[in-house]
Amino acid sequence: MSVAAYCIFCYRQIGTSGPATKTHLPWNDISNFCRTFQRIYILLYVFICIEEISMPRKIAKLTGSLILGGFVFITYEVLSLKKLLQIDTQAIHQEKLKSYVYIRTASLNPSEYQGITYQARKEIHKAVRKILETEAKIFRRPFNEQFSTFDGEDHECALWLLLKRSQSEDKEVRLQAVQDLANNSHWHDYQYGTVAQTCDQRTAIGLARSKDIDLRFFLPPPPLPKIKNDYPIEDELRLLLVSLPQTGLDPCVQYFTSLALRESSQTLAAQRGGLWCFGGNGLPYCETLSKIPSETVELFCLQALVQHSKVSSHCDKIEAKGGLQLLQRIYQLRKDSAKIQRNIIRIIGNMALDERLHSSIVHAGWVSVLAEVMKSPHIIQSSHASRALANLDRDTVKEKYPDGVYVLHPQYRSSQPIRADILFVHGLLGAAFKTWRQQDIDRRLDKKALEGEEDYSQCWPKTWLASDCPALRIISVEYDTHLSDWKAKCPVEAHRKSIAYRSNELLDKLRAAGIGDRPLVWVSHSMGGLLVKKMLVDASKNPEMDKIVNNTRGIIFYSVPHHGSQLAEYSINARYLLFPSVEVKELSKDSPALKELNDDFLSFAKDKKFSVLSFAETLPTHIGSMIKLHVVPLESAGRLNSVSEAPANSSYFLL
């Protein structure tokens, strides 16, 4: 009996040495073990009863008590052991129902997923679905996709139904599904991950163009192969540039390419030995061997790629040579350089004009990057990303936005119809964004302005005008202008900087962007007003541009030199020192070309029904620390027949 008790204690120790739910002991073996010991005790009891005849009565009583106590003890131990070794069936059900990829585990309550009622309902749903599918095939009607998930779990249906609808052939159903996906802000991480992994290219782009979108909807850019630490990234850019066509190029494309390759060669020479400097329009300083500005060389190469990306056939080459992945690597490495990142996104926006490259752009991970940049507080960065995504979004945007044409509003998908277009055209030394900013704040002098700095607008058409008139499409165009050829970015073919050349170039871009399809109002500053007049005169002579002329409803001129500018006189008088640019020469006071343009515009506008409002500066403008003048005098800005004139108490740059 002692041996039997010892065995029981050992077995109990084994059963309680670890967590009960993790111990794997076959219960059948334990049951057999207990039954065997019961038989042993019965035999011992019978044996004692037989032997009682020959034993003294006192010994028999003692032995019977021991046997009875031992039997009770064994029964207690067996029940305790059974309780300790009981397997948790909840854990088994959880393992059976658990999903390993983004599916929420089902409820562990058996009443929710078992029972005759549940099984019957599920079978009825399957039968109904088959009947409806057969009926749809017989009568050749579309099958209601809502029934395809009728037998699914409740927590799965909403997500997967939206994903299926987002790929519907019906455009309205598809767009509504994307909007419903974007509006879900209460989902769990695994649900966002499900959408990111299963949505198609069209849905991903639509989500990226949805306002206040959660970035968890997008997969991060795919990992790129590692490169050696001593392998400079500018070498890869140089190889990419060399692989692009080098003959039959536009002069500006050729100029930027040769400039980038020359600077890259100087860097390579510096690495091999010696000092380097000069470089013309290149790097304006000398460096030692220990410090070579690779970031500056990369910027030159990217500027060359911007020019190449304006040529459709070159975009194919960039994609074929792995340019999208290379640009992704540079973008991730140069997160501290807004200028480099801006040039890269500009290249992506140009490549997105070709629908054949959309799939490659998406697979290279650019949708998630663009969606993140859209949230940037910097208007220039977000507007570049907005242009790229608009060119990718062929579901809701029929227009295409070439290089230099930016949509300030709406930058996201919107169900509100657009009623009219407002087009902003900057002037000399201006830009698509900075020309239309609020007056700069002098932090040292203007304390009141600092108090309202939160309301400061970097681009008032995007913030103020869009808020007041949300049904407008607001577009701003950009082109390079310079006071002097010293600063020219592309000092070739001077005629390309003339108002006539720019007019034809911009008209083609604006027509591609859908300008003329709606009522149109022009807003121009300085030389931009002359450009607007030239575009309207040229469009009136071209039947393909009739829509632009016929839909023009008004023009606003801000300090436009209809009869020339005094700034041009200063530059021309010092022409041997300043080398005035073509733009400045065309603005000379009482220029015959300006007089001809003004006469042509008045002749064109007299029979039109659009209004014209002209603002003129009344305060002088400080140009540097030495010159103070009226850039566009009142008589030049306001002397336009049949025009409403409004003198403004402001200077040229603040008007």
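Colleagues, please bear in mind throughout that the model is predicted. I begin with the whole protein. Its secondary structure consists of 29 helices and nine strands. Of the 655 residues, 43% count as buried. The accessible surface comes to about 36,000 Å², and carbon and sulfur atoms contribute 55% of that area. As for the contacts with a sequence separation of 6 or more, 71% are between residues 24 or more positions apart.

I turn now to the helix pair. Helix α18 spans residues 366–374 and helix α19 spans residues 379–392. How do these two helices pack? Their axes lie 8 Å apart, at an angle of about 140°. The arrangement of α18 against α19 is therefore oblique, since an angle has to be over 145 degrees to count as roughly antiparallel. The crossing of the two helices is left-handed.

Which residues make this contact? From α18 come L370, A371, V373 and M374. From α19 come Q381, S382, A385, S386, A388, L389 and L392. By class, eight of the contact residues are nonpolar and three are polar, with no charged residue taking part.

Helix α10, residues 201–208, is mostly covered, with six of its eight residues buried. The buried residues are T203, A204, I205, G206, L207 and A208. What covers them? The cover includes α18 and α19, together with α8 (171–183), α9 (189–198) and α17 (358–363).

Is M545 buried or exposed? Its relative accessibility is 5%, so M545 counts as buried, the cut-off for that class being under 20%. Leaving aside residues up to four places away in sequence, M545 touches L507, D508, R511 and A539. The C-alpha atoms of M545 and G516 are 8.0 Å apart in space, while the two residues are 29 apart in sequence.

To close, I return to two points. Helix α10 has α18 and α19 among the elements that cover its buried residues. Thank you for your attention.

Definitions and conventions: Residues numbered from 1 in each chain as written. Predicted model: local features only at pLDDT ≥ 70, side-chain atom pairs only at ≥ 80, totals over all residues. Heavy atoms only, no water. Helix = DSSP H or I, 4+ residues; strand = E, 2+ residues; numbered from the N terminus. Buried < 20%, exposed > 50% of the residue type's maximum accessible area, 1.4 Å probe, protein only. Contact = heavy atoms within 4.5 Å. Areas by Shrake-Rupley, 256 points an atom, 1.4 Å probe, with all protein chains shown as cover. Axes fitted to C-alpha atoms, helices over the stretch in contact; angles between N-to-C directions. Parallel < 35°, antiparallel > 145°, perpendicular 65-115°, else oblique. Left-handed = near helix turned anticlockwise from the far one by under 90°. Nonpolar A, V, L, I, M, F, W, Y, C, P; charged D, E, K, R; others polar.
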